[in-house]
Amino acid sequence: MGTQVPPQHPLRQLFGALTEKSFTEHLGWPDLNVTSYVSNLLVDFTHTDQLYKIRDQRDQPVDTVVGMLYESEVLLHAPSLDRERDVHRHIGDFTLFMAGLFPEYLRRLKSAGLIYHQDFLVDYVKTGKRSYGIVAQFGEDTSETDPPLFRKLSENFELCVTGLGFVRSDLDRMQDPAYHRTRDLLLN
């Protein structure tokens, strides 16, 4: 497991602020549970071991959605419902992250040059919605407070992808040298 980013770390604060701004101002969806979950996801996925934390039977990281779906199917014959829930939660997280922050990656997957990539035919949005929906159903069988969150993530997956697109735009803008000059002028 990767190193935990402390609660007061500037990266956590940056992602929290950008996510809250994007979802509240751009989308008109000021749901603190959702923005907190999504911003924590961004922080967690800064560590690649978290991005590829699902491991196969040989203890190798699974780096495709098809592989993750296969792992979730293998688990149907396993006694651990927690593991199955964790895999589906990760599929939702992974597809949301990739579709929201790296849509060009998904477009590249669909190009003729990558026809042999395992995820060539995978619809990340439908798969993410389905996986979060499964996680919500798991929670409905217990006393957890998470099911409403995962139901919201499932039902509003496209909105979350759009919100992450705004976060990425803000991050891109922050890398622009003109932004730094303007910020320095305003703060000095």
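Visitor: Before we start on this model, what counts as a pocket here?
Guide: A pocket is an open set of grid points with protein on both sides within 12 Å along at least five of seven lines. The model is a predicted one.

Visitor: How much space lies in the second largest pocket?
Guide: About 170 Å³.

Visitor: Which residues line the second largest pocket?
Guide: The lining is made of Phe-15, Leu-42, Phe-45, Thr-46, Phe-97, Leu-101, Phe-102, Arg-168, Leu-171, Asp-172 and Gln-175. Two helices, H5 (81–101) and H9 (157–175), each give two or more residues to that lining.

Visitor: And which element gives the most to it?
Guide: H9 does, with four residues.

Visitor: How does the lining of that pocket split by class?
Guide: Seven residues are nonpolar, two are polar and two are charged.

Visitor: Change of topic. How many helices and strands does the protein chain have?
Guide: There are ten helices and zero strands. The chain has 188 residues, and 41% of them count as buried.

Visitor: What about contacts along the sequence?
Guide: Taking contacts between residues at least 6 apart in sequence, 65% join residues at least 24 apart.

Visitor: How many residues are in the largest nonpolar core?
Guide: That core has 42 residues, and Val-34, Leu-96, Tyr-124, Phe-150 and Leu-153 have the most contacts inside it. Helices giving two or more residues to this core include H1 (10–26), H2 (32–44), H7 (124–140) and H8 (147–155).

Visitor: Which helix gives the most to this core?
Guide: H5, with eight residues.

Visitor: What does Phe-150 touch?
Guide: Leaving out residues up to four places away in sequence, Phe-150 touches Tyr-37, Arg-85, Arg-89, Tyr-132, Val-135 and Ala-136.

Visitor: Now Leu-41. Is that residue buried or exposed?
Guide: Leu-41 has a relative accessible area of 4%, so it is buried, the cut-off being under 20%. Its place is in helix H2.

Visitor: Which residues does Leu-41 touch?
Guide: Asp-93 and Leu-96, not counting residues up to four places away in sequence. Leu-96 is also one of the residues with the most contacts inside the largest nonpolar core.

Visitor: How are Leu-41 and Leu-51 separated?
Guide: They are ten residues apart along the chain, and their C-alpha atoms are separated by 9.5 Å.

Visitor: Last one. Which residues of H4 are buried?
Guide: Val-65, Gly-67, Met-68, Glu-71 and Ser-72 are buried in H4. They are on the same side of H4 because they cover an arc of only 160° around the axis.

Methods. Residues numbered from 1 in each chain as written. Predicted model: local features only at pLDDT ≥ 70, side-chain atom pairs only at ≥ 80, totals over all residues. Heavy atoms only, no water. 1 Å grid on protein atoms, 1.4 Å probe; cavity = no way out; pocket = protein on both sides within 12 Å on 5 of 7 lines; lining within 4 Å. Points joined across faces, edges and corners; volume = space filled by probe spheres on them. Nonpolar A, V, L, I, M, F, W, Y, C, P; charged D, E, K, R; others polar. Core = buried A, V, L, I, M, F, W, Y, C linked by side-chain atoms within 4.5 Å. Buried < 20%, exposed > 50% of the residue type's maximum accessible area, 1.4 Å probe, protein only. Contact = heavy atoms within 4.5 Å. Arc of directions from axis to C-beta.
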